[in-house]
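Subject: Handover of a structure and its findings

Dear colleague,

Please find below the structure that I am handing over to you. A summary of the findings follows it.

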Amino acid sequence: MRRHGWRWVLIGVLGLLVTGCFAPSGPRFGDGSAVPEEVSRVRLPVRPGPDGTWVVNSPGEGLLGQGRVLVRRAGPDRRGWRLALPAEFALTSQRPGSAHSAFVGDHSVVLVGGREGRRGPSEIAGLDLANGRLAWRLPVAPDSRVFSYDEGATVLVADCRAGSCRLTGVSYPTGRRVWSRTAPGAVKVLDGCRADAFVADPVVGRARCHPYLVTRDRVSLLDMADGRLYERPGLRIPPGGIDRITENHGRITLATAPAKGSCRATVVSESGEDGAQDLGWRYTFVWDQPQAPRDPATGCRWDRTLPLTVAWSLVLPDAEGALVLDPYSGLRKQLRRLAPGEYLTADETRVEVVHASGRPDRPLHPTRTPLRPPGLSPAARFLTRLLWQDGRRLVLLDHQNRPLWEAASACRAFMGDGEGPGVSLTYCDGPDLVTVRPAWKD
């Protein structure tokens, strides 16, 4: 009897597993048949900027912010509110850490203020998400830089003067200074996650987001917990100083800014954690980004906000033709060299696309699949599988690329948090903010 009992238990467990694996998963955008069903329509709580986006847009937290208005949309487990921001904290910059910007993390928002006639941030403030108010405010020295790490739990303020940097760690929940130190010989602090990184957006994996202290001859990682510095002995600073920095699987790579007149720049990768010298590499070239205007200070086609890491590749904008490399191996694993005048971008699906003025776009890696469905312009944005935004037009396609649903949006539409069935789409229908979810046709 005992053996028979265990047999029935095993059959029951297997039945539950099979049911869970093969049961219908529910409608989702891109399954070829589900269409949007409206679940929410409210008056637009805050208008987006001229480009159709908001400085603060966090679907997970329900936050939208632009100018002097920051709102939290009500949800099943959160109370909605509307906050009129002081002029000093007006949200106008899309670059976190600059004046009039914001750092938005998981359950945290740090506002960075600015004042007319003053360079750089003037003050920082922590937001009380539950109640929609400023929980604390802290002035910062002129020309300071502000960084946020550790999922927003710690804020770093760096005040670098001639020959040293004053570093202060601030607790997000309280606004109190938790540590402070002066680093003699320091030149600058670089943000390896956002402003000074090789990528356009924060990297996936917070373990790679660090601040780095730079002196004239070395680079050190700054521990946000206590302000300690850990030197990276495998790195040697190239002439010209460091402009950008990135980390990939524990290896740091540096890039200088192009030199005035010659536009020569150097990219250096450290030798690796095991100290093997053959792992490091260095490359000097004439910097030329065909998609960038000429920088008035250097005379070079250079825009430091353009990413050097594109999808899976490291791209060095060499005037002889951009080098496409493996981000970890660098010159030891050259993928290819583009033709002069060509440059690389990646769409939301991380497909690498080669562009050149006067020529049609093409994928970096040959494929039979077109870059975009027929009838969409090169500027069309991928939202999720078979769902696109092309200018004001929203279109959901079936598996034969025929429209299942269309709408017009006056703002940059965005998907809700999460993956799988039921993930929402939010867009602007005239004066209204509309949220839809996938539903099967009757």
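How far apart are the sulfur atoms of Cys160 and Cys165? They lie 2.0 Å apart, and the two residues form a disulfide, the term being used here for a pair of cysteine sulfur atoms within 2.5 Å.

Before the details, a word on the basis of this account. This is a predicted model, in which local features need pLDDT of at least 70 and side-chain atom pairs count only at pLDDT 80 or more, while totals for chains, interfaces and linings use all residues. Residues are numbered from 1 along each chain as its sequence is written, and side-chain values use heavy atoms, with hydrogens and water left out.

The chain as a whole

The average pLDDT (the predictor's confidence in each residue, from 0 to 100) is 88 for the chain, and 89% of the residues score at least 70. Over residues 16–23 the pLDDT stays under 50. For that stretch the model has one contact beyond four places in sequence, where contact means heavy atoms within 4.5 Å.

The chain contains one helix and 35 strands. These elements are DSSP runs numbered from the N terminus: helices are H or I runs of at least four residues, and strands are E runs of at least two. Of the 442 residues in the chain, 50% are buried. Buried means under 20% relative accessible area, exposed means over 50%, and partly exposed lies in between (1.4 Å probe, protein chains only). Among contacts between residues at least 6 apart in sequence, 41% join residues at least 24 apart.

The disulfides

A disulfide is a covalent bond between the sulfur atoms of two cysteines. The structure holds three disulfides. The link of Cys160 and Cys165 is right-handed, with 110° about the S-S bond. Cys160 is partly exposed because its relative accessibility is 26%, whereas Cys165 is buried at 0%.

Another disulfide joins Cys263 to Cys300, with an S to S distance of 2.1 Å. Cys263 lies in the loop between β19 (251–255) and β20 (264–269), and Cys300 in the loop between β21 and β22, so the pair ties together parts that are 37 residues apart in sequence. This link is left-handed, with -105° about the S-S bond. Cys263 is buried, with a relative accessible area of 9%, and Cys300 is buried at 0%.

Cys411 and Cys428 are also joined by a disulfide, at 2.2 Å from S to S. The pair links distant parts of the chain, 17 residues apart: Cys411 is in the loop between β32 (403–408) and β33, and Cys428 is in strand β34. The link is right-handed, with 95° about the S-S bond, and both cysteines are buried.

An open sheet

Strand β34 also belongs to an open sheet of four strands, ordered β1-β35-β34-β33 with antiparallel pairing. β1 (35–43) and β33 (414–415) stand at the edges with a single partner strand each, so one side of each has no neighbour in the sheet. Strands count as paired if DSSP finds at least two bridges between them. For β34 (residues 425–429) and β35 (residues 432–439), the antiparallel pairing runs over five bridges. Cys428 has Leu433 of β35 as its bridge partner.

The nonpolar cores

A nonpolar core is a set of buried Ala, Val, Leu, Ile, Met, Phe, Trp, Tyr and Cys residues joined through side-chain atoms within 4.5 Å. The largest has 21 residues, of which Leu387, Leu394, Trp405, Leu425 and Tyr427 touch the most other members. At least two residues of this core come from each of β29 (381–384), β30 (387–390), β31 (393–397), β32, β34 and β35. β31 supplies the largest share, four residues. Beyond its neighbours within four places in sequence, Trp405 is in contact with Pro36, Leu387, Leu394, Val395, Leu396, Leu425 and Tyr427. A second, separate core of 16 residues includes Cys300, Trp302, Leu314 and Leu325.

Asp288 is placed in the loop between β21 (281–286) and β22 (309–310). Is Asp288 buried or exposed? Asp288 counts as buried because its relative accessibility is 15%. Its side chain makes a polar contact with the side chain of Arg301 at 2.8 Å. A polar contact is a pair of N or O atoms within 3.5 Å; within protein, one must be able to donate a hydrogen and the other to accept it, and residues adjacent in sequence count only if both atoms are side-chain atoms. Neighbours within four places in sequence aside, Asp288 is in contact with Arg301, Pro317 and Ala319.

Yours sincerely
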